[in-house]
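Me: Please take me through this structure one label at a time, and set each label against the rule behind it.

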Amino acid sequence: MKLIFKAHFFKILFFGSMISLLSACTEVKKSEPVIYLIPENYVGSLYIIFNAPNGHPPKYEDGSRVYEIPPSGILVTQMDANEGWIENSQIQYFELSNTNERTPISEDSSLKDKDKDKDTTDDGETRTVYVGGLGESGPIYGCTVINQNFTVGTNAEQTDRKNLFSIYDAIKRKNIDEKLFKGMCKNSKDVTSPQ
């Protein structure tokens, strides 16, 4: 019985040590805080395309990345993707008016009534942001691009197909200048139209 106990004890000790060692070697990358500035009354799909040498230069505000989405709904930026772990409190979404006034937008459809400190139900008319995530798409002008996509609008607007479009359609429809993509691909000779 003692032999079985010792074998079991050493097995647990061995696996515990291995897990501790692997955990010590694994570091979780932390993302930078982010501010998204979305054009006032914009509805539908939004995209941020990263690592474009000719894209918009990096912009920061009080230590937070700032992604100022243009009226086209497609931001092509020189910044790299903001990969890693981030707390929800470090992500802010704002509608940006023509006079540069910011109005917060919620990431979900439940609202908090600040005056009464109780949850209220979304009436379907509240504008929210639905984040689709980070991914790769391509070929776009001969490149595979890292991009983040999300949608903005009321529940009905975010599910209406006329407001939703793929990254390929977005680039064609919004006439995104192919010059922004030059130099993005290490292996491409020259840019060609999106496919």
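Reply: Two strands pair if DSSP finds at least two bridges between them, and strands themselves (E, at least two residues), like helices (H or I, at least four), are DSSP runs numbered from the N terminus. The model is predicted, so local features need pLDDT of at least 70 and side-chain atom pairs count only at pLDDT 80 or more, while totals for chains, interfaces and linings use all residues. Residues are numbered from 1 along each chain as its sequence is written, and side-chain values use heavy atoms, with hydrogens and water left out.

Me: What makes strand 1 and strand 4 a pair?

Reply: Strand 1 is joined to strand 4 by 4 bridges, and the two run parallel; with at least two bridges required, they therefore count as paired. Within this pairing, Ile-35 has Val-66 of strand 4 as its bridge partner.

Me: Why is strand 4 called mostly covered?

Reply: Buried means under 20% relative accessible area, exposed over 50%, and partly exposed in between, with a 1.4 Å probe and protein chains only. In strand 4 (residues 64-68), 4 of the 5 residues are buried.

Me: Why does Thr-77 count as buried?

Reply: Thr-77 has a relative accessibility of 2%, and therefore counts as buried. Thr-77 lies in the loop between strand 5 and strand 6, and a polar atom of its side chain lies 3.1 Å from the backbone oxygen of His-56. A polar contact is a pair of N or O atoms within 3.5 Å; within protein, one must be able to donate a hydrogen and the other to accept it, and residues adjacent in sequence count only if both atoms are side-chain atoms.

Me: Is Ile-176 buried or exposed, and why?

Reply: Ile-176 counts as buried because its relative accessibility is 10%.

Me: What makes strand 10 an edge strand?

Reply: An open sheet is formed by 4 strands in the order 5-2-11-10, with mixed pairing. Its edge strands are strand 5 (74-76) and strand 10, each of which pairs on one side only. Strand 10 is joined by 10 bridges to strand 11 (residues 143-153), and these two run antiparallel. Leu-134 has Gln-148 in strand 11 as its bridge partner, and Ile-140 stands opposite Cys-143 in strand 11. Strand 10 and strand 11 form a hairpin with 2 residues between them, where Tyr-141 in the turn has a positive phi of about 50°.

Me: Which residues lie nearest the centre of the second largest pocket, and which element gives the largest share of its lining?

Reply: Of the 17 residues that line the second largest pocket, Tyr-36, Asn-82, Ile-86, Ile-91 and Gln-148 lie nearest its centre. A pocket here is an open set of points on a 1 Å grid over the protein atoms alone, where a 1.4 Å probe fits, with protein on both sides within 12 Å along at least five of seven lines; lining residues have an atom within 4 Å of a point. The largest share of this lining, 3 residues, comes from strand 10.
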